[in-house]
Amino acid sequence: MVPRYLTAAVVAAASIALASGAAAGARHEGGAVKLTATTKTAWMEVKGHIRISGTATPHPSGLTVGLEQRQGTSWVSVGNTKPVGASGAYSFIATAGTVGLTGFRVVTRENSAVVSASASVPIRVLHWTPFLGNPIFADAIPDPGDGDLSTDAVSSHGVNYTDAFAMDPGCYNQWDGNAWVDYMLFRKYESFTATLGIDSGAPSDQTATYSLIGGGKKLASGTLTYNSATKIKVSLDGLYRLRVLINIPDPYHAAGCTLAFPQVVFGDPQVLGP
């Protein structure tokens, strides 16, 4: 018969062994495991989602990891822990509700204390804002030549836009009907969107073309016809300057010198940025 004090000692030893086994999930013989964390982009839309992926090296059996977000001066858990895959890989879907710069990291814990942590992954959290109310519009550099830019309410393809800008080549345009304007982005913005059309006061057979140019590349271009709409969404990633160019066909080299003065309308323009 095993003495009662010996049975208690065996139970205590078993408990210590189990605790040691749990700790092995976050440590190995060389110390804490090494964690990595990466994303495919360095930005996300506010209340949107972004995937944080990484690996654990080594990845002992039973290892679990959690996701944390930088909030002020502290790190806050933003998701349930999950087991590391057989290859040592893991991934999380993260979200952020506040515009600005934030950071995410992956951690392992023992008794609520962080044992291992990946490097912080900085993320810019952006939101959509009206283009006309943005400093990039106010700081526009108009072409030192012909063409006019208006921000008055305008009608196009049956829609009356109170938030829009419209461009026309002016009268006796020296650029064969071209007009353009440059906007300084300073690499702060990620996307531009608008609905394009020809103003409702133009002749019914009126056509026009448009191009958005940045970084020496044509980002978007197309032909517009009367009473039709074209929705565009353009990446501004890494761009220092954006050029918006339109052309009203000018077979007589008189450009907009008519009673109509046809315009290309950019309805509800918005940018995704800080």
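The following dialogue examines how terms are applied to one predicted protein model.

Student: What kind of model is this, and how are its residues numbered?

Tutor: This is a predicted model, in which local features need pLDDT of at least 70 and side-chain atom pairs count only at pLDDT 80 or more, while totals for chains, interfaces and linings use all residues. Residues are numbered from 1 along each chain as its sequence is written, and side-chain values use heavy atoms, with hydrogens and water left out.

Student: How many helices and strands does the protein have?

Tutor: The protein has two helices and 24 strands.

Student: Why is Leu 242 called buried?

Tutor: Buried means under 20% relative accessible area, exposed means over 50%, and partly exposed lies in between (1.4 Å probe, protein chains only). Leu 242 has 1% relative accessibility, and therefore counts as buried. Leu 242 belongs to strand E23, residues 241-247. Buried residues make up 40% of the 274 residues in the protein.

Student: Which residues does Leu 242 contact, leaving aside neighbours within four places in sequence?

Tutor: A contact requires heavy atoms within 4.5 Å. Among the contacts of Leu 242 are Val 181, Tyr 183, Leu 212 and Leu 236.

Student: What makes a group of residues a nonpolar core?

Tutor: A nonpolar core is a set of buried Ala, Val, Leu, Ile, Met, Phe, Trp, Tyr and Cys residues joined through side-chain atoms within 4.5 Å. The largest one here has 31 residues, and those with the most contacts inside it are Leu 212, Leu 236, Val 244 and Phe 266. Strand E19 (residues 191-198) gives the most to this core, with four residues. A second, separate core of 20 residues includes Leu 35, Ile 50, Val 65 and Phe 104.

Student: Why is the pair of Phe 131 and Tyr 183 called edge-to-face?

Tutor: Rings of Phe, Tyr and Trp (its six-membered ring) pair if their centres lie within 6.5 Å; planes under 30 degrees apart count as stacked, over 60 as edge-to-face and the rest as tilted. The centres of Phe 131 and Tyr 183 are 4.9 Å apart and their planes stand at 75°, so the pair is edge-to-face. Phe 131 lies in the loop between E12 and H2, whereas Tyr 183 lies in strand E18 (residues 178-184), 52 residues apart. Both residues are buried.

Student: Which residues form one aromatic cluster with Phe 131?

Tutor: The cluster consists of Phe 131, Phe 137, Phe 165, Tyr 183, Phe 192 and Phe 266.

Student: What makes Lys 82 a charge over the ring of Phe 92?

Tutor: The rule asks that NZ of Lys or CZ of Arg be within 6 Å of the ring centre and within 35 degrees of the ring normal. The charged end of Lys 82 sits over the ring of Phe 92, 4.7 Å from its centre.

Student: How do you know that strands E6 and E7 pair?

Tutor: Two strands pair if DSSP finds at least two bridges between them. Four bridges join E6 (residues 64-71) to E7 (residues 74-77), and the two strands run antiparallel.

Student: Why are E3 and E9 said to stand at the edges of their sheet?

Tutor: Three strands form an open sheet in the order E3-E5-E9, with antiparallel pairing. Strands E3 (34-35) and E9 (89-94) each have a single partner strand, so one side of each is left without a neighbour in the sheet.

Student: What makes the approach of Gln 69 to Thr 102 a polar contact?

Tutor: A polar contact is a pair of N or O atoms within 3.5 Å; within protein, one must be able to donate a hydrogen and the other to accept it, and residues adjacent in sequence count only if both atoms are side-chain atoms. The side chains of Gln 69 and Thr 102 make such a contact at 3.0 Å. Gln 69 is found in strand E6.

Student: Is Asn 227 buried or exposed?

Tutor: Asn 227 has 53% relative accessibility and therefore counts as exposed. Asn 227 is found in the loop between strand E21 (217-225) and strand E22 (230-235), and has a positive phi of about 65° although it is not a glycine.
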